[in-house]
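Here is a short note for a colleague who is meeting this structure for the first time. Please keep the sequence and the structure open while reading the points below.

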Amino acid sequence: MRFVRIFRQLFRPFRKACVAGLIGLPLIAMTHAAQDADFSCIGCHTTPGLSTRLPGGELLPLTLDIEEFRASVHGKLRCMDCHTNMQGYPHPKITAYDHRAFQMERYPQCQTCHPDQYKQALDSNHARILAAGNRNGAICVDCHGSHAVAKPNQPRQRISTSCGHCHRTIYEQYLESAHGQSLLEISNPDAPVCTDCHGSHRQDDPSTMAFRLK
């Protein structure tokens, strides 16, 4: 009996290592499978000039700047973390009529990693514009981009510049204001940017008395 106890004590670390190894093997296999899939994606989508024509006649660019992507905040993600419907080749047929329709179909995927921000955006002026049938209402990729996603507040000037892509006239007025000049000329961190008054993902109607009092 003493021999059996000694044997069990000696064997226990080896047994634990074997169990850990058996559990780890599928995880390692999954990791390698994901890496192989990424290599396949990158192998095709770094081809210069790669594109496809959408039903409405627009060309949809399909070439990825891999260095730009790796330098982005999403640079450590796998392709299929976002492109979950692209499990093999040939890919599913694109049904979006034009580029904007394609973006509208794809951007809800952002809520997988950013559920709180996505829910906030559903209660915003941007979402209300979309619900009214105006496709110019901002969605995630309009402000953050898709593959070249940068931190939205670094540098701080980036915030108002992003808003200016759609709100050009107001942005030009902001540049001439004390706030805009203080931020752009001396990088004053206390100078208000658009989101300080209007919010980022959830915006209120700026024409209401409640907004102006706030």
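How many helices and strands are there in the chain?

1. There are twelve helices and two strands in the chain, where helices (H or I, at least four residues) and strands (E, at least two) are DSSP runs numbered from the N terminus. Read along the sequence, they follow the pattern α-β-β-α-α-α-α-α-α-α-α-α-α-α.

2. This is a predicted model, in which local features need pLDDT of at least 70 and side-chain atom pairs count only at pLDDT 80 or more, while totals for chains, interfaces and linings use all residues. Residues are numbered from 1 along each chain as its sequence is written, and side-chain values use heavy atoms, with hydrogens and water left out.

3. Of the 214 residues in the chain, 19% are buried; buried means under 20% relative accessible area, exposed over 50%, and partly exposed in between, with a 1.4 Å probe and protein chains only. Among contacts (heavy atoms within 4.5 Å) between residues at least 6 apart in sequence, 53% join residues at least 24 apart.

4. Helix H10 (residues 178-186) has Gly180, Ser182 and Leu183 buried. Seen down the axis of H10, these buried residues fall within an arc of 165°, so they line one face of the helix, the arc being that of the directions from the helix axis to the C-beta atoms. They pack against helix H8 (157-164) and helix H9 (168-176), whereas the face turned away from the buried side carries the exposed residues Ala178, Glu185 and Ile186. After H10 comes Ser187, whose phi is positive, near 55°.

5. Met104 lies in helix H4 (residues 99-106) and counts as partly exposed because its relative accessibility is 26%. Leaving aside neighbours within four places in sequence, Met104 is in contact with Leu130 and Ile139. Cys140 is 36 residues from Met104 in sequence, and their C-alpha atoms are 9.6 Å apart.

6. The second largest pocket has a volume of about 190 Å³. Of its eleven lining residues, the closest to the centre are Ser40, Cys41, Gly88, Tyr89 and His91. A pocket here is an open set of points on a 1 Å grid over the protein atoms alone, where a 1.4 Å probe fits, with protein on both sides within 12 Å along at least five of seven lines, and lining residues have an atom within 4 Å of a point. Helix H1 (residues 2-45) gives the most to this lining, with five residues.

Conventions
Grid points are joined across faces, edges and corners, and a volume is the space filled by probe spheres set on the points.
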